Amino acid sequence: MADVISKSDRLAGKVAIVTGAGSRSEGVGNGKATAVLFARAGASVLLVDNEITHAEETRSIIESEGGVASSFQADVTSEDECKAMVDTAIERYGHLDILDNNVGISLRETVTEIGMDTWDHIMATNLKSVAMTSRFAIPRMIENGGGSIINISSIAGIVSVADPAYSASKAGVIGLTRAMAADHGRDGVRVNCIAPGLVYTPMVEYRLSDEHRARRKNASALGTEGTAWDVGWAAVFLASDESRWVSGVVLPVDAGLTIAARHSYPEWGV
Ligand SMILES: NC(=O)c1ccc[n+]([C@@H]2O[C@H](COP(=O)([O-])OP(=O)(O)OC[C@H]3O[C@@H](n4cnc5c(N)ncnc54)[C@H](O)[C@@H]3O)[C@@H](O)[C@H]2O)c1
């Protein structure tokens, strides 16, 4: 979906944290699109990024559209900084309703290539960070009657499309989502997961040839290319009260890639 500027009150009065709310380079990544869409839906958004200039870029977009947002520099692999992030959201906006755990990295090395320090770094960034931000956010959400946590996994946690460390961490995010949803549902905290497919974002565009880009697009059932806005719109739904009876789900936003093996292997002919 393209970036269609449409404002609403779907998240009016809500306070959201988005981690990795900038983009690693020019263009719009999942975190940036999600933060912009949250603000357009009326939320006040704390834009968390370990590169403050990335968060500031998102803040300037939101403020230019009349939205409410501020930046906060934090590395989500640091427990202290995860706590500071949650405390800052409360200090600046009074309460916390939504946490979008978007930070994720991949290094594309096999198990025979990857160093174990690198393995640990990917696990800390993609998986442990989700537990660390949530452990500080959940009590503050409960104080305010509940909340919504959205964890960004990947279809790499469901089917084999990426490297082992990334795939394992993203499968872990799915398991963590389900366990947290079961643990905290009675306190009014919903926990859901988005599994983006082969979205065209700054995270991948630097390493894609035109041919590779076309193959990614054609592998899905819809045969169209996804953008960060598609991921962001799913996050708006899961953040809003429209999804008040939805918890513990894994929502693939992938144009049907995970059910479309015959598009990847048309010679099967079924
Ligand atoms: N693009 C795809 O095809 C695709 C597919 C599936 C899943 N995903 C997932 O989407 C998410 C990526 O979203 P994006 O497009 O916003 O990514 P991005 O690479 O543009 O990164 C967003 C921001 O995260 C920040 N960041 C990196 N490490 C951080 C850390 N330790 N602490 C705080 N901030 C940090 C970066 O500075 C950057 O500004 C990841 O979880 C990724 O695994 C992407």
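# Legends to the close-up views

**View A. Val-48 has Phe-72 as its bridge partner in β3.** The two strands involved, β2 (residues 44-49) and β3 (residues 68-73), are joined in the parallel sense by six bridges. Strands are taken to pair if DSSP finds at least two bridges between them. The model shown in every view is predicted: local features need pLDDT of at least 70 and side-chain atom pairs count only at pLDDT 80 or more, whereas totals for chains, interfaces and linings use all residues. Residue numbers start from 1 along each chain as its sequence is written.

**View B. Strand β6 (residues 189-196) is mostly covered, with eight of its eight residues buried.** A residue is buried if 20 or more other C-beta atoms lie within 10 Å of its own, exposed if 12 or fewer do, and partly exposed in between, with C-beta atoms placed from the backbone. In a regular strand, side chains alternate between the two faces of the sheet. Val-189, Val-191, Cys-193 and Ala-195 point one way from β6, while Arg-190, Asn-192, Ile-194 and Pro-196 point the other way; all are buried.

**View C. Strand β6 pairs in the parallel sense with β5 and with β7.** Six bridges link β5 (residues 147-152) to β6, and Ile-150 lies opposite Asn-192 of β6. The pairing of β6 with β7 comprises four bridges, and Leu-251 of β7 stands opposite Ile-194.

**View D. The ligand is surrounded by 31 residues.** The closest are Gly-20, Gly-22, Gly-29, Gly-31 and Gly-104. A residue is counted as near a molecule if its C-beta atom, placed from the backbone, lies within 6 Å of it. At least two residues of this shell come from each of α1 (30-40) and α6 (202-205). By class, the shell holds 11 nonpolar, 15 polar and five charged residues. Asp, Glu, Lys and Arg count as charged, Ala, Val, Leu, Ile, Met, Phe, Trp, Tyr, Cys and Pro as nonpolar, and the others, Gly among them, as polar.

**View E. Arg-108 has a positive phi, near 60 degrees, although it is not a glycine.** Arg-108 sits in the loop between β4 (98-101) and α4 (116-143). Arg-108 counts as exposed because it has 12 C-beta neighbours inside 10 Å.

**View F. Ala-255, likewise not a glycine, has a positive phi of about 55 degrees.** Its loop lies between β7 (250-253) and α9 (261-264). Ala-255 is buried because 22 other C-beta atoms lie within 10 Å.

**View G. The chain as a whole contains nine helices and seven strands.** Helices (H or I, at least four residues) and strands (E, at least two) are DSSP runs numbered from the N terminus. The C-alpha atoms fill a box of roughly 55 × 40 × 35 Å along the principal axes. Of the 270 residues, 45% are buried. The radius of gyration of the chain is 18 Å, which agrees with the value near 18 Å for a compact globule of 270 residues; this radius is taken over C-alpha atoms, and the globule rule is 2.2 Å times the number of residues to the power 0.38.
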